[in-house]
Amino acid sequence: MPPTPHFSSAALKFLRGIKRNNDREWFEPRKPIYEAELKQPMLALIEAINTEMAGFAPEHVRPAHKILMRLYRDVRFSADKAPYKSHIAAWWSREGMEKTSGGGYYLHLSATELIIAAGVYMPQREQLFAIRTYLLDHHEEMRSLLADKKLKSLMPDFEGRPLTRSPKGFPADHPAADLLLCRQWGLSATLPADVSLHPDLLREVVGRFRVVSPYVDRLNTPFHREKSAQKSRF
């Protein structure tokens, strides 16, 4: 049996270093360390997670190199000109939604924390409208999912970025009003970075992805319906 993928103390040391010295002069001579201690272990971890996700979220399984997010930042339109991210991350989008947001799964390791998250983040305007419209009739089902005790214990943090007033076109007095205020619907757990150093890392991630998968599926439902409606017109 192959060893369970996880990271080394050298990986966390590199992440501490790139946070303090975020420039090409520091990074280039240390690029082999990034490749060996961060990129390759993350790809191995993604592969292992993919194997498990095939049983409960097969639509989100893609080649590992497509799930791994770039270390290099796009600084063209950013006030922060640091060329690199100070974390390594992966995003499991749903098949057919790779270039949009939709509901997906996220993993993020920095020098100080390991974030395991899932849901819809920064949706496009059409997706935002589709989710809110869906919630008008299905808010009770969504609340039931969010109230699940195991989910709340493993993914305790809800990230909604709510508006201060009801979005245009949606009733302020609707039973789903608080959910309609959200601009994203994310659940997450933040663990110490040291969790990434142990063979239990795969179990920690997969256990959370598995329990949150019905929630992700529910968030993606309005997008499936929209695509089905479009196909039926032809």
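**Reading the sheet and its packing**

Biologist: Which residue of E2 is the bridge partner of Trp-91?

Modeller: Strands of a sheet pair through backbone hydrogen bonds, either parallel or antiparallel. Here the partner of Trp-91 in E2 is Tyr-106. E1 and E2 run antiparallel and are joined by 6 bridges. This is a predicted model, in which local features need pLDDT of at least 70 and side-chain atom pairs count only at pLDDT 80 or more, while totals for chains, interfaces and linings use all residues. Residues are numbered from 1 along each chain as its sequence is written, and side-chain values use heavy atoms, with hydrogens and water left out.

Biologist: How are strands and their pairing defined?

Modeller: Helices (H or I, at least four residues) and strands (E, at least two) are DSSP runs, numbered from the N terminus. Two strands pair if DSSP finds at least two bridges between them. In this model, pairing is antiparallel in an open sheet of 5 strands, ordered E1-E2-E3-E5-E4. Strand E1 (87-92) and strand E4 (157-159) form the edges; each has a single partner strand, so one side of each lacks a neighbour in the sheet. From one strand to the next, the twist averages 20°.

Biologist: Which helices pack on the sheet, and at what angles?

Modeller: Axes are lines fitted to C-alpha atoms, for helices over the stretch in contact, and angles run from 0 to 180 degrees between N-to-C directions; contact means heavy atoms within 4.5 Å. Helix H3 (residues 31-53) touches E1 and E2, and its direction makes about 25° with that of E1. Helix H5 (residues 125-146) lies across E3 and E5, at about 55° to E5.

Biologist: Why is strand E3 described as largely enclosed?

Modeller: Buried means under 20% relative accessible area, exposed over 50%, and partly exposed in between (1.4 Å probe, protein chains only). In E3 (residues 113-120), 7 of the 8 residues are buried, so the strand is largely enclosed by the rest of the structure. On one side, 7 bridges join E3 to the antiparallel strand E2 (residues 103-110), with His-108 partnered by Ile-115, and a hairpin of 2 residues connects E2 to E3. E3 also pairs with E5 in the antiparallel sense over 8 bridges, where Ala-118 stands opposite Leu-187.

Biologist: Is Gln-184 buried or exposed?

Modeller: Gln-184 is buried, with a relative accessible area of 6%. This residue lies in the loop between helix H7 (177-180) and strand E5 (185-192). Leaving aside neighbours within four places in sequence, Gln-184 contacts residues including Val-120, Tyr-121, Phe-158 and Arg-161.
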